[in-house]
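This report looks at aromatic side chains, at charges placed over rings, and at one pair of packed helices. The sequence and structure come first.

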Amino acid sequence: MTYKGEEINNDCYRKMAFALGLNEESAWFVNEIVIKNQDELHFYAYVLGDSTQEYASNDLRRKDFLSKIPINRLTISSEYINTDISFLFRPYITAIKSKPFLLLAGISGTGKSRIVRELARACWEEGSAEYEEHKPRNFEMVQVKPNWHDSSELLGYVSRIGADKDGNGVTFVAGDFLKFIARAWEEPDVPYFLCLDEMNLAPVEQYFAEYLSVVESRKASAEGVMTDPILKKSIEPWYFNLCAELTTDDDLRQQFLNKGICIPQNLIVIGTVNMDETTFSFSRKVLDRAMTIEMNEVDLEGGLTKRHEQIGKLGIAELVGSAVEGVDVYAAHKNVCDKVIAYLKVVNDRLDGTPFKIAYRTRNEFLLYVVNNLPYSKNEEGEELDQNFVIARALDEITNMKILSRIEGDETKVSEKFLKGLSDAIKEQLELVCNDLFNKDDAEKEYQSISLAKLDEMTKKLVSGYTSFWS
């Protein structure tokens, strides 16, 4: 750096080290730096150690370096992300990172719950003991029952059985979900997956009300992604006993006692969905809070040569996002975000006057999903893709997940003209982002849009007088 023509690097670094209380042998680095009020230097610095260390290779040094960076400060740069993952699983991974609440929809038997287990397995080194386990410790499956109408089966309930008239002996019976939350808090550097199997066998808004509310309270802070408590703290003896039951970690137990039990940043909730006559449909309240991926494609030759899915190594950097709102990514990716907003404005104009119009929550998730896809810039053959194609592909996918999943109704709500106009607008805007996305000159290179295909399917359903995103 220079000041009035003079280099001041050494003096600047020396003063910064002094401010951190470090000696000359310390290993540290500055991650973010800004000048304020013309003469104030504000910065984030990470202290890696108080002495120098030699490494056998750059790879070992890099791994140790990244392991010391706090989870909440990990950037979305491809430097930190393993982009060498199965091409088929990229939408799942980036959807989870954008919002850790995912719905997997499709016909029965397509392996929806198995995918959740395999994503959890991919967080461990292939061949390790945890990888070979039938049920990795970072995975939990809860079967939803048709008689669930409150959260007592998931979170738990206060039991007064055996208590006296003064309330002595009151206990809290913890549910599987609450126990799993505590386990995730104990291991914050590992993504934890909760699978709600057959999620819509019961009304989701009733038994999952607390989570649906709390997941919207997520905020990025210096301490990580924080939420309101899903179980509020209490001064009652049963709450003290509950905290002692959930964890043996003294610091974590004190956190629960002081702040209540919140959703940890590394917890990922995935519900499997079967749409038939035995299940409940989803309200827009649920769909607005989740990322939706369809799994209706069936490869009858798949899964016959290998026991586990070959996803690639996953971890915090790939699955856990430190950004939760559009404001968290806009400044760093303004050009990309402006393209997303321009696209959304046109599509939202087509939704004007309908109950399907989107607002700030969906805008934020569009921005996060598109930005989270930027590191995945190679095709299946390993060739570099144009960034505009990566943006358009992500826009197409998130349109299917967040906009089309909300559209349903008879011809008075969803006409053929409406669907045609929406389809034309989406195609036109995708081509504006990437002008050779739909290359008619070479059929092998023509992009197959999932949102346009879904709109075509929904239009054909209108013959019956009613249409829906759900198959």
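## Burial and aromatic pairs

A residue counts as buried when its relative accessible area is under 20%. In this predicted model, Phe208 has a relative accessible area of 1% and is therefore buried, and Tyr211, with a value of 3%, is buried as well.

Aromatic pairs in the model number 17. In one of them, Phe89 and Tyr92, the ring centres lie 5.7 Å apart and the planes meet at 40°, so this pair is tilted; both Phe89 and Tyr92 are buried. The pair formed by Phe208 and Tyr211 is instead stacked, with 4.7 Å from centre to centre and 25° between the planes. Phe208 and Tyr211 also belong to a cluster, linked through ring pairs, that includes Phe101, Trp148, Phe177 and Tyr207.

## Charges over rings

Two lysines have their charged ends over phenylalanine rings: that of Lys427 lies over Phe438, 5.4 Å from the ring centre, while that of Lys454 lies over Phe469, 4.7 Å from the ring centre.

## Packing of helices 14 and 17

Helix 14, which spans residues 334–351, packs against helix 17, residues 416–433, at an angle of about 170° and with 9 Å between the axes. Since angles over 145 degrees count as roughly antiparallel, that term therefore describes helix 14 and helix 17.

On the helix 14 side, the contact involves Ala342, Tyr343, Val346, Val347, Arg350 and Leu351. These meet Phe418, Gly421, Leu422, Ala425, Ile426, Gln429 and Leu430 of helix 17. By residue class, the contact of helix 14 with helix 17 comprises 10 nonpolar, 2 polar and 1 charged.

Definitions and conventions. Residues are numbered from 1 along each chain as its sequence is written. This is a predicted model: local features need pLDDT of at least 70, side-chain atom pairs count only at pLDDT 80 or more; totals for chains, interfaces and linings use all residues. Side-chain values use heavy atoms; hydrogens and water are left out. Rings of Phe, Tyr and Trp (its six-membered ring) pair if their centres lie within 6.5 Å; planes under 30 degrees apart count as stacked, over 60 as edge-to-face and the rest as tilted. Buried means under 20% relative accessible area, exposed over 50%, partly exposed in between (1.4 Å probe, protein chains only). A charge sits over a ring if NZ of Lys or CZ of Arg is within 6 Å of the ring centre and within 35 degrees of the ring normal. Axes are lines fitted to C-alpha atoms, for helices over the stretch in contact, and angles run from 0 to 180 degrees between N-to-C directions. Helices (H or I, at least four residues) and strands (E, at least two) are DSSP runs, numbered from the N terminus. Angles under 35 degrees count as roughly parallel, over 145 as roughly antiparallel, 65 to 115 as roughly perpendicular and the rest as oblique. Contact means heavy atoms within 4.5 Å. Ala, Val, Leu, Ile, Met, Phe, Trp, Tyr, Cys and Pro count as nonpolar, Asp, Glu, Lys and Arg as charged, and the others, Gly among them, as polar.
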